[in-house]
Amino acid sequence: CVLDDKELFPGCELGERDGAEDPEVCGEALTTKVGRLEFQDGRVQPVCNTDTIRGDMPDVLNPGEAARAGDVQCLNDLGGILCISLSSEAGFFARPKEYVVF
């Protein structure tokens, strides 16, 4: 997860092999897998990618750990990562090969 980078939207990325198949979201993208979920303008945006977050090593949350930066808080629990925007109450749950946006 990257929550407070100046160039990237706050969000989390599934491992390269763990992306969630979603051809309806990915359409004409180079892959049919959603690999990253980002907060953009108070909403969650699934990103169809095949790469990993670039730049400094992203934070890794161990089971039971939480992290907060600005408006976004994430928790590693229930076998995946749960993140929410505290102001908009938008969020997502992601684990290997699966994600849910709310």
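The following legends describe close-up views of a predicted model.

**View 1. The largest nonpolar core and its main contributors.**
The largest nonpolar core comprises 20 residues. Those with the most contacts inside this core are C12, L37, C74, I81, C83 and F92. Two or more residues each are supplied by strand 3 (33–40), strand 6 (72–77), strand 7 (80–85) and strand 8 (91–95). Strand 3 gives the most, with 3 residues.

**View 2. The surroundings of I81.**
I81 is among the core residues with the most contacts inside the core. With neighbours within four places in sequence left aside, I81 is in contact with C1, C12, L61, C74, L75, N76, F92, F93 and A94. Two of these partners, C12 and C74, are also listed among the core residues with the most contacts.

L75 stands opposite L82 in strand 7.

**View 3. The hairpin of strand 3 and strand 4.**
Strand 3 and strand 4 (residues 43–48) run antiparallel and are joined by 6 bridges. The two strands form a hairpin with 2 residues between them. In the turn, D41 has a positive phi of about 50 degrees. E38 stands opposite Q45 in strand 4.

E13 is found in strand 1 (residues 11–13). The side chain of E13 makes polar contacts with the side chain of R36 at 2.6 Å and with that of N49 at 2.9 Å. The pair E13 and R36 also forms a salt bridge, with the closest N and O atoms 2.6 Å apart. Because R36 lies in strand 3 and E13 in strand 1, this pair ties together parts that are 23 residues apart in sequence. R36 counts as buried, at 16% relative accessibility. A salt bridge of 2.9 Å, N to O, joins the side chains of R36 and E38. E38 is likewise buried, with a relative accessible area of 8%.

**View 4. The salt bridge between E98 and R95.**
The side chains of E98 and R95 meet in a salt bridge of 2.7 Å, N to O. E98 counts as partly exposed at 34% relative accessibility, and R95 counts as partly exposed at 32%. Elsewhere, salt bridges that share partners join E13, R36 and E38 into one network. The whole structure contains 3 salt bridges.

Note on methods
Residues are numbered from 1 along each chain as its sequence is written. This is a predicted model: local features need pLDDT of at least 70, side-chain atom pairs count only at pLDDT 80 or more; totals for chains, interfaces and linings use all residues. Side-chain values use heavy atoms; hydrogens and water are left out. A nonpolar core is a set of buried Ala, Val, Leu, Ile, Met, Phe, Trp, Tyr and Cys residues joined through side-chain atoms within 4.5 Å. Buried means under 20% relative accessible area, exposed over 50%, partly exposed in between (1.4 Å probe, protein chains only). Helices (H or I, at least four residues) and strands (E, at least two) are DSSP runs, numbered from the N terminus. Contact means heavy atoms within 4.5 Å. Two strands pair if DSSP finds at least two bridges between them. A polar contact is a pair of N or O atoms within 3.5 Å; within protein, one must be able to donate a hydrogen and the other to accept it, and residues adjacent in sequence count only if both atoms are side-chain atoms. A salt bridge is a side-chain nitrogen of Lys or Arg within 4 Å of a carboxyl oxygen of Asp or Glu.
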